Amino acid sequence: MKNEIQHVLFEDESMIRDYQAIQKTWFLRGKQRIIQTTGKHRGVKLLATVDYGTGKIVWQEDEQYTAETFLSFLKKVVAEYPTGKIVMVLDNARIHHAKLLEPFLTEMKDRLELVFLPPYSPQLNAVEGL
């Protein structure tokens, strides 16, 4: 039972912006209001997994989404689950397929398996609800 799956994790990235985006407003026809906003268009980028069985969340904050960032996150996830096989369900973002990941994924092939969702199917990713 060495290869039996013990942890099913759903992974995704998200950004929390530090400014408010106005979606809708009212104004008189022909008299559009100028609404001042302050600050810069910055935000926090998050990578997170949710454990399907326990609800445990593992997350990491970063400045950008890169293959290096994702690799660092994978290492964190493996450290959080020191025993048992992990299956991580995730989307097809380019950083999830980077060549940089190959040595780590080969090294962890008995412990970590990535399962990719079909394109344009966020409804199948349990972490989307966080």
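## The main core

Let's start on the inside: the largest nonpolar core has 21 residues, and those touching the most other members are Phe-70, Leu-74, Val-77, Met-88, Phe-104 and Leu-112. Helix 1 (67-80), strand 4 (85-90) and strand 5 (112-116) are the elements that each give two or more residues to this core, and helix 1 supplies the largest share, 7 residues. A nonpolar core here is a set of buried Ala, Val, Leu, Ile, Met, Phe, Trp, Tyr and Cys residues joined through side-chain atoms within 4.5 Å. Buried means under 20% relative accessible area, exposed means over 50%, and partly exposed is in between (1.4 Å probe, protein chains only).

Keep in mind that this is a predicted model, where local features need pLDDT of at least 70, side-chain atom pairs count only at pLDDT 80 or more, and totals for chains, interfaces and linings use all residues. Residues are numbered from 1 along each chain as its sequence is written, and side-chain values use heavy atoms, with hydrogens and water left out.

Which residues does Leu-74 touch, leaving aside those up to four places away in sequence? They are Met-88, Leu-101, Phe-104, Leu-105, Leu-112 and Leu-114; a contact means heavy atoms within 4.5 Å.

## The overall layout

Zooming out, the chain has 2 helices and 5 strands, and along the sequence they follow the pattern β-β-β-α-β-α-β. Helices (H or I, at least four residues) and strands (E, at least two) are DSSP runs, numbered from the N terminus.

Of the chain's 130 residues, 32% count as buried. Take the contacts between residues at least 6 apart in sequence: 71% of them join residues at least 24 apart.

## Rings and charges over rings

There is 1 aromatic pair by the rule used here: rings of Phe, Tyr and Trp (its six-membered ring) pair if their centres lie within 6.5 Å, with planes under 30 degrees apart called stacked, over 60 edge-to-face and the rest tilted. Phe-10 and Tyr-52 make a tilted pair, 5.8 Å centre to centre with 50° between the planes. Phe-10 sits in strand 1 (residues 5-17) and Tyr-52 in the loop between strand 2 (43-51) and strand 3 (57-62), 42 residues apart. Phe-10 is buried at 11% relative accessibility, whereas Tyr-52 is exposed at 61%.

Two lysines are worth a look too. Lys-45 lies over the face of Tyr-65, 5.8 Å from the ring centre, and the charged end of Lys-76 sits over the ring of Trp-59, 6.0 Å from its centre. The rule is that NZ of Lys or CZ of Arg is within 6 Å of the ring centre and within 35 degrees of the ring normal.

## Salt bridges

How many salt bridges does the whole structure hold? The search finds 2, each a side-chain nitrogen of Lys or Arg within 4 Å of a carboxyl oxygen of Asp or Glu.

One joins Lys-56 to Glu-80, with the closest N and O atoms 3.3 Å apart. Lys-56 is in the loop between strand 2 and strand 3 and Glu-80 is in helix 1, so the pair ties together parts 24 residues apart in sequence. Lys-56 is partly exposed at 30%, and Glu-80 is partly exposed at 36%.

Glu-113 and Lys-85 form a salt bridge as well (3.4 Å, N to O). Glu-113 belongs to strand 5 and Lys-85 to strand 4, so this pair ties together parts 28 residues apart in sequence. Glu-113 is partly exposed at 36%, but Lys-85 is buried at 11%.
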